[in-house]
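Subject: Structure handover

Hello,

Here is the structure we talked about handing over. My notes on what was found in it follow below.

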Amino acid sequence: MINYLYQEQNWQSQLSDLITDPQELLELLQLPQDLLGGAHLAAQSFKLRVPRAFVAKMQVGNPFDPLLLQVLPHHLELKEHPDFVTDPLGEEDANQQPGVLHKYKSRFLLTLTGACAVHCRYCFRRHFPYQENLPKNQDWLNIKQYIESQPEINEVIFSGGDPLTLSNRKLGEWIERLSSIQQLKFLRIHSRVPIVIPNRVDDELISILKNSRLRIIVVVHSNHAAELDDFTCHKLAQLIEHKITVLNQAVLLKGVNDSAQILSNLSYRLFDAGVMPYYLHVLDKVKGAQHFDLTPDQTELIYKDVLANLPGYLVPKLVREIAGEKNKTPLFGTTNF
Ligand SMILES: *Cc1c(COP(=O)(O)O)cnc(C)c1O
Ligand code: SF4
C-alpha cells in the first residue's frame with residue numbers, strides 16, 4: 001500500500017491533482033517502466049487519469065493488480081478488431097437534445113459533464129463527443145419541455161462523464177430545477193467518484209441529497225473488493241444512513257474480476273457497506289477494449305458459479321446493452337419460459 005492519507009484531503013484538491021503520467025504511476029507502484037511498451041500511444045487517444053486515492057488501494061509491485069489494470073493504458077488498445085467500434089451502443093443517434101439521452105421509457109440520462117475522475121480503459125464512452133453535447137443553463141427550459149412532453153418519464157439519471165465531478169453548487173442547481181417538475185419521482189446518480197475519491201461524499205452533498213423532494217438512488221461503480229477499503233465503505237454507509245439507496249454496477253473484465261470467487265467477494269464486501277449489487281455488465285464492444293473481453297462461454301461459466309455461490313439477493317443481474325433495445329438485456333436464465 002502507498003502511504004498516502006487521502007482520507008484527510010478534500011475532494012476538490014484530489015480532483016485537481018490526478019495522476020496523468022503513466023511513468024509517475026509506475027514509479028509510485030515501484031513497477032518497471034518497460035511495462036509501458038506502447039502505452040504512451042494508447043494514452044494519446046484516451047489519457048491516463050487516476051486519483052491518488054485509488055492508486056493508494058493498489059498493491060505496490062504487482063503488475064497484475066486488478067485496480068491498476070483498469071486504468072493503465074496498454075498497447076493492446078491499439079489493436080484493431082472489426083467487432084470493436086467507437087460507438088457500440090449507437091448513443092450518438094439517441095441524442096434528443098444537448099445532454100439528453102432518452103432510450104428507455106420511464107427514465108433518461110442527463111449528461112451534465114463529459115469529465116470523469118478516472119479513465120477506465122474499458123469505458124464504452126471513451127470515444128463519445130461529449131463536449132459538443134453538454135446542456136447549458138439556458139437549455140434548461142428545453143429540457144423541462146421535453147420531460148413534460150413525455151409523461152412516462154418519472155426518473156432522471158445523472159450520468160456522464162461522471163456527474164460527481166461537478167461542484168455541489170452546480171448539482172444542487174440541477175436537482176432543484178428538476179424537483180420542480182411534479183411528474184419526476186426519482187433522481188439517480190451514476191458515479192464512480194465515491195469509489196475513486198471517497199471524500200467526494202462530503203456533508204454538503206449529503207445535505208443536498210437528503211433534503212431533496214426526489215427519491216435519490218446513487219449507483220456506484222466498483223469492480224473488485226480491493227476498491228472498497230474501510231474508509232470507502234464508511235463513506236458509502238453515510239449515504240445509506242440518510243436514506244439514500246446505494247447500488248453497485250460492475251463490468252465483467254478479463255484479468256480484473258473474471259472469477260466467481262472475486263465477484264462473490266465483491267458482493268459480500270458491498271453488502272458489508274450496505275450497498276446492493278445491481279448490474280454486472282458484459283463488456284461493450286468498444287474500440288480499444290478488446291483485451292478485456294471474455295467469450296460467451298467463459299462468461300456463462302463464471303456467472304453460473306456466482307449464482308451457485310451467493311444468496312440470490314447478492315447476485316448482480318448479468319446484462320448486456322444492445323443498441324436499440326428498450327432496456328438492458330438480461331443474459332442466461334431468461335430463455336426457459
Ligand atoms: C442503463 C441505462 C439506463 C438505466 O437503465 P436501468 O435499467 O433503469 O438501470 C438509462 N439510459 C441509458 C441510456 C442506459 O444505458
Ligand atoms: S468513470 Fe464511468 S464514464 Fe468515466 S471512464 Fe470510468 S466507466 Fe467511463
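This is a predicted model: local features need pLDDT of at least 70, side-chain atom pairs count only at pLDDT 80 or more; totals for chains, interfaces and linings use all residues.

**Ligand shells and a few local features**

The residues in question are Cys116, Val118, Cys120, Cys123, Gly161, Arg192 and His221. The space that ligand 2 takes up is the largest pocket.

The peptide bond between glycine 160 and glycine 161 is cis, with omega at about 0°. Glycine 161 belongs to the loop that runs between strand S4 (155-159) and helix H8 (168-179).

Ligand 1 also has its place in the largest pocket. Around ligand 1 are Lys103, Tyr104, Arg107, Leu109, Ile157, Arg188, Tyr278, Tyr279, Glu321 and Lys328. By class this shell has 5 nonpolar, no polar and 5 charged residues. Three strands each contribute at least two residues to the shell around ligand 1: strand S2 (100-104), strand S3 (107-111) and strand S8 (276-281).

Which side chains have an N or O atom 2.5 Å from an oxygen atom of ligand 1? Arginine 107 is one of them, and tyrosine 279 is another. For arginine 188, a polar side-chain atom lies 2.7 Å from an oxygen atom of ligand 1. On its own, ligand 1 has 390 Å² of accessible area, and the protein covers 92% of that.

Now the aromatic side chains. The count comes to 6 aromatic pairs. One of them is formed by tyrosine 6 and phenylalanine 231, with an edge-to-face arrangement, 5.9 Å from centre to centre and 75° between the planes. Tyrosine 6 is in the segment before helix H1 (11-15) and phenylalanine 231 is in helix H11 (residues 230-241), so this pair ties together parts that lie 225 residues apart in sequence.

Where is glutamine 30 found? The residue is in the loop between helix H2 (22-28) and helix H3 (39-45).

Regards

Notes:
Residues are numbered from 1 along each chain as its sequence is written. Chains are lettered from A and ligands numbered from 1 in the order in which they are written. Side-chain values use heavy atoms; hydrogens and water are left out. A residue is near a molecule or strand if one of its heavy atoms lies within 4 Å of it. On a 1 Å grid over the protein atoms alone, a cavity is a set of points where a 1.4 Å probe fits but cannot get out, and a pocket is an open set with protein on both sides within 12 Å along at least five of seven lines; lining residues have an atom within 4 Å of a point. A molecule sits in a cavity or pocket if more than half of its atoms lie within 2 Å of its grid points. A polar contact is a pair of N or O atoms within 3.5 Å; within protein, one must be able to donate a hydrogen and the other to accept it, and residues adjacent in sequence count only if both atoms are side-chain atoms. Accessible areas come from the Shrake-Rupley method with a 1.4 Å probe; for residues, only the protein chains shown count as cover. Helices (H or I, at least four residues) and strands (E, at least two) are DSSP runs, numbered from the N terminus. Ala, Val, Leu, Ile, Met, Phe, Trp, Tyr, Cys and Pro count as nonpolar, Asp, Glu, Lys and Arg as charged, and the others, Gly among them, as polar. Rings of Phe, Tyr and Trp (its six-membered ring) pair if their centres lie within 6.5 Å; planes under 30 degrees apart count as stacked, over 60 as edge-to-face and the rest as tilted.
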